[in-house]
Amino acid sequence: MEVENQQPGSWEGYVNWRNRPALKGRHGGMVAASFVLVAEVLENLAYLANASNLVLYFSEYMHFSPSNSANSVTNFMGTAFLLALVGGFLSDAFFTTYFIYLIGALIEFLGLVILTVQAHSPSLKPPKCDPATPSIPCQKVHGAKAAMLFIGLYLVALGVGGIKGSLPAHGAEQFDEDSPKGRKQRSTFFNYFVFCLSCGALIAVTLVVWVEDNKGWQWGFGISTFAILLSIPIFLLGSTYYRNKIPNGSPLTTIVKVLLAALLNSFKSRGSNNAIASMATSPTPTPASEEEGGNIKSKTVEPTQETPSKSLQFLNRAVGDNSTAGALDCSVQQVEEVKVVIKILPIFACTIILNCCLAQLSTFSVQQAATMNTKLGSLKVPPASLPIFPVIFMMFLAPVYDHCIIPFARRATKTEMGISHLQRIGIGLVLSILAMAVAAIVEIKRKRVAMDTGLLDTTTPLPLTFFWIAFQYLFLGSADLFTLAGLLEFFFTEAPSSMRSLATSLSWASLAMGYYLSTVIVSIVNSATGNSNHKPWLSGSNLNHYHLDRFYWVMCVLSGLNFLHYLFWAMRYKYRSGRAPN
């Protein structure tokens with residue numbers, strides 16, 4: 001991207017929406033980030049309104065079985081979050097986060113229009129099931145109708161991926177990380193980004209879900225379509241305030257080049273003492289970010305070392321007498337950037353199981369609530385509105401965390417952050433363990449009530465309030481608050497500046513892997529537990545015959561083992577900037 005000559009008082013490496021140098025005092029800051037936060041409210045409203053209730057749409061209108069409905073939803077949500085990597089890659093490599101958001105919003109709008117049209121027209125859906133003839137099975141959606149459903153659905157997923165991969169990084173880029181005030185504002189932004197996620201979710205799981213259940217799905221899809229369309233002009237209103245980071249080329253090219261150069265030079269250097277081998281053992285100078293007295297200033301630009309650091313020494317072979325090919329010549333800075341990416345990957349991997357647990361909020365937990373008494377006085381609460389419990393708690397906890405807990409922690413620890421990113425993520429992992437244990441206990445109680453009242457083989461609502469399900473939602477929602485905000489800030493702060501959008505997208509990719517893993521675990525559990533004498537734990541059309549409690553205990557054990565795995569890596573991780581305590 002061509003940029004005019006840098007002007008005095010301009011932000012180095014940033015341009016405005018007209019591709020001119022972004023100016024200090026005019027571009028960036030909390031005002032610019034506020035437009036991002038409002039857009040996130042509307043975007044998450046559009047996405048979560050359908051994702052939270054989609055399992056019922058699949059089962060009641062498209063006639064999927066409960067397990068197939070759950071798997072279809074997790075596959076859709078997993079794909080949407082995984083595509084955030086594409087959005088992040090394009091933001092870093094070719095386009096700005098500004099343009100990727102706009103493209104993603106338009107694609108999501110198109111997908112929602114298709115879903116709205118299908119929901120509105122009975123001829124585009126399978127025929128309704130006839131209660132008078134239960135012997136005739138319901139017709140599952142197929143053919144052109146199924147194609148229309150999944151085209152609309154995965155256009156939404158593609159648009160969501162572009163938005164998730166660009167919007168958090170775009171907001172975080174508005175702050176000056178070379179000043180303590182800017183870094184604190186950026187931390188506040190990530191906390192309020194999760195707060196705005198919750199605001200959108202609150203509207204989605206109350207108003208929109210109620211409309212879908214009582215007025216029709218075409219109205220629910222219509223509200224989502226209007227919300228994502230409205231987010232576009234609101235986002236554009238902030239154009240004159242934004243500073244947009246100039247793309248630095250493909251970060252994947254740098255990663256592949258360093259790995260290939262290290263591998264090829266490793267083969268060539270065997271049996272000989274060359275400059276690369278001695279360079280790998282040379283002392284590492286103190287990085288530029290380490291100031292005397294522990295007063296750290298985190299820089300966007302990597303420290304200009306003449307020799308690579310001692311960590312991950314096999315990559316140091318990518319530097320030096322590289323006679324393999326000119327295209328594989330690597331600088332020390334490129335090697336150090338790749339090392340940072342490799343070091344954060346184990347942290348990313350340790351959050352996948354937590355997100356596998358979160359996947360249950362959109363699938364089995366909704367189906368559990370659908371079998372229970374969802375009346376609140378004279379009001380009948382839709383099962384898909386249950387996420388209101390963690391959403392309200394997250395909306396309450398996010399500002400409390402930012403304005404009360406963090407200032408106290410800063411005074412107590414005498415550090416700039418107070419609570420480190422990894423500590424915050426660890427708290428979320430512990431809460432996910434408790435959530436799965438609570439979910440198993442609640443399911444045991446639900447099944448016992450069904451057996452005691454003789455309602456095990458019926459679809460009659462059980463004489464048990466749906467508030468019991470709220471406990472697992474509360475723990476998982478708290479885990480999501482701690483982990484997601486911590487991950488977003490951790491990846492953005494620790495990643496090299498040329499890879500920040502892609503690295504931040506790893507937070508959403510973790511969610512994707514969790515949803516996919518949930519599908520895999522359900523399939524593995526069914527395969528392992530099903531034989532000629534016993535039905536699989538999670539199969540059939542009646543949830544009362546599932547062994548969902550055992551499945552939750554399995555998830556609890558996996559979450560515990562995952563936490564131990566996380567501790568192994570977190571205790572060994574050294575922050576790149578040195579500002580956060582280990």
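Predicted model: local features only at pLDDT ≥ 70, side-chain atom pairs only at ≥ 80, totals over all residues.
1. Glu-40 is buried, with a relative accessibility of 1%. The cut-off for that word is under 20% relative accessible area, so a value of 1% places Glu-40 in the buried class.

2. The side chain of Glu-40 forms a salt bridge with the side chain of Lys-164, at 3.4 Å from N to O. Glu-40 belongs to helix α1 (residues 30-51) and Lys-164 to helix α6 (residues 143-172), so this pair ties together parts of the chain that are 124 residues apart in sequence. Lys-164 is buried too, at a relative accessible area of 2%.

3. Lys-164 has a salt bridge with Glu-43 as well, at 3.1 Å from N to O. Glu-43 lies in helix α1 and Lys-164 in helix α6, so here the parts tied together are 121 residues apart in sequence. Glu-43 and Lys-164 are both buried.

4. When looking at the structure, find Lys-164 in helix α6 and then Glu-40 in helix α1.

5. Another salt bridge is the one between Asp-92 and Lys-245, whose closest N and O atoms are 3.6 Å apart. It links distant parts of the chain: Asp-92 sits in helix α4 (residues 84-93) and Lys-245 in strand β3 (residues 244-245), 153 residues apart. Are these two residues buried or exposed? Asp-92 counts as buried, at 0% relative accessibility, and Lys-245 is buried with a relative accessible area of 9%.

6. The pairs described above are part of a total of seven salt bridges. The bridges named in this note include Glu-40 with Lys-164, Glu-43 with Lys-164 and Asp-92 with Lys-245.

7. Ala-84 is also found in helix α4. Its relative accessible area is 0%, so Ala-84 is buried. Ala-84 and Gly-162 are 78 residues apart in sequence, yet their C-alpha atoms are 5.6 Å apart in space.

8. What does Ala-84 contact, once its neighbours within four places in sequence are left aside? The contacts are Gly-161, Lys-164, Gly-165, Ser-505 and Trp-508.

Conventions. Residues numbered from 1 in each chain as written. Heavy atoms only, no water. Salt bridge = Lys/Arg side-chain N within 4 Å of Asp/Glu carboxyl O. Helix = DSSP H or I, 4+ residues; strand = E, 2+ residues; numbered from the N terminus. Buried < 20%, exposed > 50% of the residue type's maximum accessible area, 1.4 Å probe, protein only. Contact = heavy atoms within 4.5 Å.
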